[in-house]
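Take a look at the model below. We will go through its parts, and then through the places where they touch.

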Amino acid sequence: MAFLVGADCLDEMIASLRSNGRTVIGPAVRDGVITHDQIESASELPLGWTEDQDGGRYRLVPTGTDERFAFSSPSTSWKRFLIPERTLLLRARRSNGTVAVVEPEPEAPSVAFFGIRSCDLVALGILDRVFLDSDATDPTYAARRPDVFIVAVGCNRPGNTCFCASMNTGPTPTSGYDLVVRELHSEEGTEYLVDVGSERGADLLAGLASRPAHEGDLQRADRAHETAVASMGRELRQDYVPLAALDPDHPRWDDVAERCLACGNCTMVCPTCFCSTTEESTDLSGTEAERWRVWDSCFSLDFTHLHGGSVRTSTKSRYRQWLLHKLVTWQDQFDTSGCVGCGRCITWCPVGIDLTAEIAALAVPAAATDLGGRDV
Amino acid sequence: MSTVSKPSLAVWKFASCDGCQLTLLDCEDELLAVTDRLDIAYFLEASSATVAGPYDLSLVEGSITTPDDVERILEVRRQSRFLVTIGACATAGGIQALRNFTDVEELLRIVYATPAFLSTLGTSTAISEHVDVDFELRGCPIDRSQLLEVIGAYLAGRDPEIPSHSVCVECKQKTNVCVMVAHGTPCLGPITHAGCGALCPTFNRGCYGCFGPVESPNTDAMAGALAVTGLSAGAIDRLFHTFNAWSEPFRDMSVSVPAPTRRQP
């Protein structure tokens with residue numbers, strides 16, 4: 001059952017979450033972008049801001065309205081709150097000829113994700129499969145994830161680089177939340193349709209001023225959804241190819257390698273890229289050592305460094321590995337695509353490489369292109 | 001640990017500004033720990049008292065710019081068991097390698113009253129172009145923590161943990177907003193070796209490439225992206241031609257320098 005609330009209620013929600021001891025992470029304007037950061041009240045939400053996103057370009061743009069969720073993908077994903085950039089795995093100390101090893105208890109901060117979009121919510125589900133639903137549950141992720149209170153938000157204004165509709169991952173959240181908020185904007189003002197997804201979500205809403213939603217409210221939300229679907233800036237057509245049939249020798253891989261900087265930005269901003277490396281450090285005295293897990297990127301040469309050298313020495317092989325893992329072998333590993341259509345890898349690529357365009361080009365058999373090459 | 005068993009440390013200077021060796025003195029909190037594990041045998045910046053070689057660990061700052069340098073680095077190498085070059089001068093030739101793109105004889109005539117007193121080479125080159133180097137630590141100047149990591153790794157007998165990925169990875173790990181994508185600021189971060197902790201982008205400036213090219217830099221694509229930010233071809237050249245101008249990937253980016261004055265290595 002859905003309820004209608006006023007804008008004040010968003011502030012009450014945040015206050016209520018905070019009074020329960022939760023750190024609230026939500027969208028906020030920082031350094032010229034909308035990102036995810038700790039927020040203390042609804043006044044920090046990006047009221048009146050949207051953004052112009054395109055390949056390699058992001059600019060904030062005022063909306064001239066009182067909408068708070070009129071933007072698309074924030075600059076950072078949520079993964080860093082669950083798999084931090086650096087995590088201490090163990091500390092070792094040598095004394096009197098013995099080595100004592102201490103593995104710190106994983107931190108379990110109590111947090112709420114406020115305003116998570118459908119694409120990013122699906123991404124959390126994918127990370128859950130990677131880190132929870134396997135024989136090797138990740139202690140860091142497992143300590144943080146289950147308790148997270150989720151206030152999802154329907155996406156009304158997908159950006160130029162968004163393609164969640166074609167990935168079936170949005171724009172309206174369908175599950176995995178405690179509460180979902182949908183912004184209903186009109187000339188008369190902005191209200192919020194709230195639906196409940198869990199008992200604790202219902203408990204939170206029960207304490208706030210709301211009225212049951214009318215049929216008209218639901219229709220407005222449906223119309224906003226339809227408009228959002230129709231305004232996706234990009235599309236990854238699922239019928240292009242059986243992706244597994246993508247030709248590993250297609251000349252397009254050389255073409256994209258000429259443009260790719262191998263800087264790793266796409267993997268860093270991707271809400272599902274989870275790779276890490278392990279760093280060992282010792283102090284100067286030789287008595288203490290530490291082991292850290294640190295975010296890593298398959299675009300670096302060191303990523304495949306084995307005895308004698310790196311496996312993927314060319315940028316071509318690294319880009320191909322990333323794209324094919326994301327879209328194809330991820331299916332084999334985790335029974336899902338690794339892409340949710342958030343478009344961050346397109347926006348935050350300094351040279352604007354667009355995976356939807358790459359797939360579209362790769363889907364055309366090499367023999368049919370003027371680049372030549374072998375048949376699929 | 002007894003004094004006898006301590007490995008000896010030597011610090012050498014070639015053409016440079018001294019900033020990198022000063023980084024060692026700048027390790028104030030860790031300096032005692034360093035001297036606890038290493039005998040500082042030769043470090044003129046710190047002490048005029050020197051001990052004769054050979055030395056276990058040598059840190060070499062600066063580039064090779066004179067005939068005398070060419071001879072001296074051979075001797076340093078002979079005297080050093082493990083030789084680490086520190087900084088952009090030692091690893092790439094430094095800012096003074098701009099001479100490599102022009103006619104040094106002409107510069108000497110313009111700058112010095114009596115050029116005949118000078119004995120200099122036409123080029124400024126990295127130490128590794130003259131002798132074998134065991135490890136290269138990048139930066140202009142080098143990063144203090146990375147220097148301690150290299151020394152600590154040497155003492156522990158392991159490889160130093162010096163990531164070779166781009167500055168972008170450091171930016172994203174610090175949750176910096178990308179200055180190039182979001183602000184349109186020209187930035188060499190995507191093709192620059194990490195190590196500075198993304199210092200300039202953290203303060204909303206573009207990366208100047210102090211740590212030199214990343215392991216597989218796509219300089220042409222980078223130049224294209226810089227042009228999109230509105231930089232002229234000349235400005236792009238100048239961005240590539242600072243502290244690491246003579247690093248192999250950057251030296252050929254000099255499209256706007258008139259061809260006749262460019263020298264071959």
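Domain bounds here come from an automatic or database domain assignment. On that basis chain A falls into two domains. Domain 1 covers 2-86 + 108-230. Domain 2 covers 243-284 + 297-368. Keep in mind that this is a predicted model.

Start inside chain A. The C-alpha centres of domain 1 and domain 2 of chain A are 28 Å apart. Where the two domains meet, 26 residues of domain 1 of chain A are in contact with 23 residues of domain 2 of chain A. Contact here means that the C-beta atoms, placed from the backbone, lie within 7 Å.

Which helices of chain A each supply at least two residues of the side of domain 1 that touches domain 2? They are α2 (118-131) and α4 (164-167). The largest share comes from α2(A), with 8 residues. By class, this side of domain 1 of chain A has 13 nonpolar, 10 polar and 3 charged residues.

Now turn to the partner chain. Here 37 residues of chain A are in contact with 35 residues of chain B. Four elements of chain A each supply at least two residues of the side that touches chain B: β5 (57-62), α7 (252-259), α8 (265-269) and β13 (276-282). Which of them gives the most? That is β13(A), with 4 residues. The side of chain A that touches chain B divides into 14 nonpolar, 14 polar and 9 charged residues.

Note on methods:
Residues are numbered from 1 along each chain as its sequence is written. Chains are lettered from A and ligands numbered from 1 in the order in which they are written. This is a predicted model: local features need pLDDT of at least 70, side-chain atom pairs count only at pLDDT 80 or more; totals for chains, interfaces and linings use all residues. Ala, Val, Leu, Ile, Met, Phe, Trp, Tyr, Cys and Pro count as nonpolar, Asp, Glu, Lys and Arg as charged, and the others, Gly among them, as polar.
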